[in-house]
Amino acid sequence: MKLAEDLYFFPWTRPTVNNCNAAYIGGAMPTLVDPGHSQLYGHVEMGLAGDGLGAPQLVILTHCHPDHLEAAVQLQRAGARLAMHPAEIAYLDGEGRMLASALGMRFPELTYDVLLEEGELKLGEESLQVIHTPGHSPGHVCLYWPRHKALIAGDLVFAQGVGRVDFPGGSGEQLKASIKRVAALDIELLLPGHGPLIKGAENVKKNFEFIEQVYFGMI
Ligand SMILES: [Zn+2]
C-alpha cells in the first residue's frame, strides 16, 4: 500500500495469527523495515509485487522479536544487508536468546551489516533519523522520516496501545521516556508495528494523549 512517494506500508490484517506490519522505503536504497515471520512473508512479497517494487537491499529491524525479525534470514540469503541497534544485537546474543529457547523457539544465526546507531541514517538521497527507543526491548528503534513527517514506530506505540514491557529486557519507565521523546516530533503518519496506521497530526496527537492518560499509570 503506497502512502506517499517512496513510502509503502504492508499491514498484517489477520487477527487470528500474530505477525507485524512491514514498511518499505523506496528510492536508491530500497529498504524494508520489519519483514515479520518467515512463513508469513508471502504477504509482503505480494504487496511489493502489487506495487511494482523490487526486493529490498537493506532490512532494518526495529527490534529482535521473531514476529518482526524472522524473515530477515531469507532476505539476507537473497543478498540484503541487515541493520539493527547494537544494544539489540547484544540483547539477542544474551537474554533474548535465553527467552527464545525457554519458549521453545530457535533464534536464527544472523550477522549484522549495519549497526543502527541513534542519529542520521542516509538511504541513497534520503535522510532519516534513527531514534533509540528502549522499553519494549533494550535496543528498540523508531525511524523518523522528516520528508513525509512519518514515524515507523515498531512496538513502541500503537493505535490506542503500547508495546509490552513484561518480556526480559523490557522497562515501563524506559517505554514512557521513549514515548515522550517521539511524541515531541511533528508526525503526520504513524506506522506502528501492529494494528492500523494513524494519519493526520491531530489524530497522532490525540493518540499520544490517550496513551499517556490510559497507560502511563499502569506501566
Ligand atoms: Zn516485539
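**Stop one: the seven-stranded sheet**

Start by selecting the open sheet of seven strands, which runs in the order β1-β2-β3-β4-β5-β6-β7 with mixed pairing. Strands β1 (2-4) and β7 (114-115) stand at the edges with a single partner strand each, so one side of each has no neighbour in the sheet. Before you click further, remember that this is a predicted model: local features need pLDDT of at least 70, side-chain atom pairs count only at pLDDT 80 or more, and totals for chains, interfaces and linings use all residues. Residues are numbered from 1 along each chain as its sequence is written.

Two strands pair if DSSP finds at least two bridges between them.

Now pick β2 (residues 7-10) and β3 (residues 22-25): they run antiparallel, joined by four bridges. Click Leu7 and look across to its bridge partner in β3, Ile25.

**Stop two: a buried turn of the backbone**

Next, select Asp34, in the loop between β4 (31-33) and α1 (42-50). Its phi is near 60 degrees, a positive value in a residue other than glycine. Is Asp34 buried or exposed? Asp34 is buried, with 28 other C-beta atoms within 10 Å. (Buried takes 20 or more other C-beta atoms within 10 Å of the residue's own, exposed 12 or fewer, and partly exposed is in between; C-beta atoms are placed from the backbone.)

For a contrast, go to Lys149, in the loop between β10 (141-145) and β11 (150-154). Lys149 has a positive phi too, near 50 degrees, but this residue is partly exposed, with 16 other C-beta atoms within 10 Å.

**Stop three: two helices**

Select helix α4 (residues 86-93) and helix α5 (residues 95-102), whose axes are 3 Å apart and at an angle of about 45 degrees. That makes α4 oblique to α5. (Axes are lines fitted to C-alpha atoms, for helices over the stretch in contact, and angles run from 0 to 180 degrees between N-to-C directions; under 35 is roughly parallel, over 145 roughly antiparallel, 65 to 115 roughly perpendicular, and the rest oblique.)

Show Tyr91, Leu92 and Asp93 in α4, which meet Glu95, Gly96 and Arg97 in α5. Contact here requires C-beta atoms, placed from the backbone, within 7 Å. Then colour the buried residues of α4, namely Ala87, Glu88, Ile89, Tyr91 and Leu92; they pack against β6 (81-84) and α5.

**Stop four: the six-stranded sheet**

Move on to the other open sheet, where six strands follow the order β8-β9-β10-β11-β14-β15 with mixed pairing. Its edge strands are β8 and β15 (198-199), each pairing on one side only.

Gly119 stands opposite Val130 in β9. Two residues lie between these strands in the hairpin, where Gly124 takes a positive phi near 60 degrees.

Leu189 has Lys199 as its bridge partner in β15.

**Last stop: the core**

Which residues touch the most other members of the largest nonpolar core? Val59 and Ile152 do, in a core of 56 residues. (A nonpolar core is a set of buried Ala, Val, Leu, Ile, Met, Phe, Trp, Tyr and Cys residues joined through C-beta atoms within 7 Å.) Centre on Ile152: leaving aside neighbours within four places in sequence, it is in contact with Ala23, Val33, Cys142, Leu143 and Leu191.

Technical notes: Contact = placed C-beta atoms within 7 Å.
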